[in-house]
Amino acid sequence: MMDDLSYERLRALLGQRPLRYAEQMSSTNDEAIAWALDGAPAGALVVADEQVTGRGRLGRTWYTPPGVALALSLILPPVPDRLLLPTLAGALAVARLAEAWGAQGVGIKWPNDVQVNGRKLCGILPEAAWSGGHLRAVVLGMGVNVRLSLAEMGDLAQTATNMEDVCGQRLDRARLVADLVALVEDVLSQPGAILAQWRACLTTLGRQVRVGSVVGLARDVDEDGALLIESSSGELVRVVAGDVHIGVA
Ligand code: BTN
């Protein structure tokens, strides 16, 4: 089969958008931060086929094998209110992408894991590009599993899935990149609506959860996106980061 991801294919689908593509990259986020500090405009995009030292949430690594996934970083204008809206916009855009290509049962596990029937489809890592004490840009990193098989996923097979399985069709990665970037920008064009749209997609609310040492009912999120967990004693605990485990007694 013809390779579905290449500079030429991306260029044809992305028009004039500034683009850096490589078959192998350390981390698209690192490349995008460096490019943003070197003057790349908002809207510039970094894409890799294979990502060897990608970064995930909470200091984890995120390896992207060649030929099976999306690893991209979109440069956004600096936003004074931290990274919240880009993060939520990234999750919403991936959820819409999956739905647009036919997936059902798509939801978001707090804070930004897009899942289909409880299995993780992508990871999102926004990072800030600083220089001289100024925020120069926000880099929205997104990794989407397109066709990495369960066998190839090893330990993650229990908790992960991929776009082709949930959409029930062969997909073109260059097309997915172009669609995803357009969806992110579409969501970000109405910033006032993002928090409510994201909240409506959360599958975590109303469930018994554990995050770190906090156990209780996931009641709601606040205006900063923090998770509000009601403990058995009725106390409301605010959690800003961590992995949610569902259904703990
Ligand atoms: C997570 O841990 O869930 C977030 C993973 C984010 C991975 C993406 S892949 C593209 C971009 N470049 C990186 O180094 N990380 C992000």
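A residue is termed buried under 20% relative accessible area, exposed over 50%, and partly exposed in between (1.4 Å probe, protein chains only). By that scale Asn-117 counts as exposed, because its relative accessibility is 64%. This is a predicted model, in which local features need pLDDT of at least 70, side-chain atom pairs count only at pLDDT 80 or more, and totals for chains, interfaces and linings use all residues. Residues are numbered from 1 along each chain as its sequence is written, and side-chain values use heavy atoms, with hydrogens and water left out.

**Overall form**
- The protein chain contains seven helices and 14 strands, where helices (H or I, at least four residues) and strands (E, at least two) are DSSP runs numbered from the N terminus.
- Along the principal axes, the C-alpha atoms occupy a box of roughly 60 × 45 × 30 Å.
- Buried residues make up 51% of the 249 in the protein chain.
- Of the contacts (heavy atoms within 4.5 Å) between residues at least 6 apart in sequence, 62% join residues at least 24 apart.

**Backbone features in loops**
- Most residues other than glycine have a negative phi, and most peptide bonds are trans.
- The peptide bond from Trp-110 to Pro-111 is cis, with omega near 0°; Pro-111 sits in the loop between strands E5 (106-109) and E6 (113-116).
- Asn-117, not a glycine, has a positive phi of about 45° and belongs to the loop between E6 and strand E7 (119-120).
- Leu-58 has a positive phi near 55° and lies in the loop between strands E2 (45-55) and E3 (61-64).
- Leu-58 counts as partly exposed because its relative accessibility is 49%.
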